[in-house]
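Please look through the sequence and the model shown here before reading on.

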Amino acid sequence: MNKDQKNEVIEVLKSKFSQYSNFYITNTESLTVAQVNHLRRVCFDKNVEMKVAKNTLIKKALESLDNEKYAGIYEALNGVTALMFSDSPKEPAVIISTFRKANAKLEKPVLKAAFVADEIYLGDNQLANLTKIKTKNELIGEVIGLLQSPAKRVIAALLEKGKKEGGEAAAEVAAPAAE
């Protein structure tokens, strides 16, 4: 790879890091070509972009964007590195977890680091936490549900009271008629 090709890769990586607010750094070493292709297909289906690049080029791209912001990521840049870019903070984590479960004998891909909403998560032990992150739409749904809950209770109470009062009035009318 000559210098121009390296600079081109760095520019592509810089644009990806700027475009996506969430990215995962994984180790896909020891996966077969068929397994990597399957992983790429799953990523494509879930709107997660997967790129493989040299660690030094990834580091240079991150340093040129904001060295201090990404400083904690650099220690994860070793071995074979595949990057997963996504608009969703948890989708890559879900893909990795599902891929491992489907291939029970595999412990790969290994999560080396994740950059989610300006937070850095280091190590594969963070994978479970990352799968539990709520997306923006999930949070909005919860807030709407919480806002609707008191109104539903008030309406249900009024309807219940209306049924009781209607039932009592009907009983009072029926009682004199029976005499």
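**From a loop residue to the sheet**

Leaving aside residues up to four places away in sequence, Thr28 touches Leu39, Met50, Val80, Ala82 and Pro109, where contact means heavy atoms within 4.5 Å. This is a predicted model, in which local features need pLDDT of at least 70 and side-chain atom pairs count only at pLDDT 80 or more, while totals for chains, interfaces and linings use all residues. Residues are numbered from 1 along each chain as its sequence is written, and side-chain values use heavy atoms, with hydrogens and water left out.

Thr28 sits in the loop between strand 1 and helix 2 (33-45); here helices (H or I, at least four residues) and strands (E, at least two) are DSSP runs, numbered from the N terminus. With a relative accessibility of 9%, Thr28 counts as buried, a term that means under 20% relative accessible area, whereas exposed means over 50% and partly exposed lies in between (1.4 Å probe, protein chains only). One of the residues that Thr28 touches, Pro109, is found in the loop between helix 4 and strand 4, and a cis peptide bond, with omega about 0 degrees, joins Lys108 to Pro109. Most peptide bonds are trans.

Strand 1 (22-27) has six of its six residues buried, so it is largely enclosed by the rest of the structure. The burial involves both faces of strand 1, with Asn22, Tyr24 and Thr26 on one side and Phe23, Ile25 and Asn27 on the other. Strand 1 pairs with strand 3 in the antiparallel sense over five bridges, pairing being assigned if DSSP finds at least two bridges between two strands, and Ile25 has Leu83 of strand 3 as its bridge partner. Strand 1 is also joined to strand 4 (residues 110-116) by six bridges, again antiparallel, and here the bridge partner of Asn27 is Val110 in strand 4.

Strand 4 and strand 5 run antiparallel and are joined by four bridges, and Phe115, whose place is in strand 4, has Ile120 of strand 5 as its bridge partner. At 3% relative accessibility, Phe115 counts as buried. Not counting residues up to four places away in sequence, Phe115 touches Ser21, Asn22, Phe23, Lys69, Tyr70, Ile73 and Ile120.

The loop between strand 4 and strand 5 holds Ala117 and Asp118. Phi of Ala117 is near 50 degrees, a positive value in a residue other than glycine, and phi of Asp118, likewise positive, is near 65 degrees. Most residues other than glycine have a negative phi. Ala117 is exposed, with a relative accessible area of 55%, and Asp118 is exposed with a relative accessible area of 55%.

**Helix 1**

At 1.5 Å a residue, the 17 residues of helix 1 (residues 3-19) should span 24 Å, which agrees with the 24 Å between its end C-alpha atoms; the expected span is 1.5 Å times one less than the number of residues. At the start of helix 1, a side-chain oxygen of Asn2 reaches to within 3.1 Å of the backbone nitrogen of Asp4.

Which residues of helix 1 are buried? They are Ile10, Leu13, Lys16 and Phe17. These residues cover an arc of only 125 degrees around the axis, which puts them on the same side of helix 1, the arc being that of the directions from the helix axis to the C-beta atoms. An α-helix has 3.6 residues a turn, so residues three or four places apart point the same way. The cover over the buried residues of helix 1 includes strand 1, strand 2 (49-52), helix 3 (55-66) and strand 3 (82-86), whereas the face turned away from the buried side carries the exposed residues Asp4, Glu8 and Ser18.

Note on methods
Polar contact = N/O pair within 3.5 Å; in protein donor to acceptor, adjacent residues only side chain to side chain.
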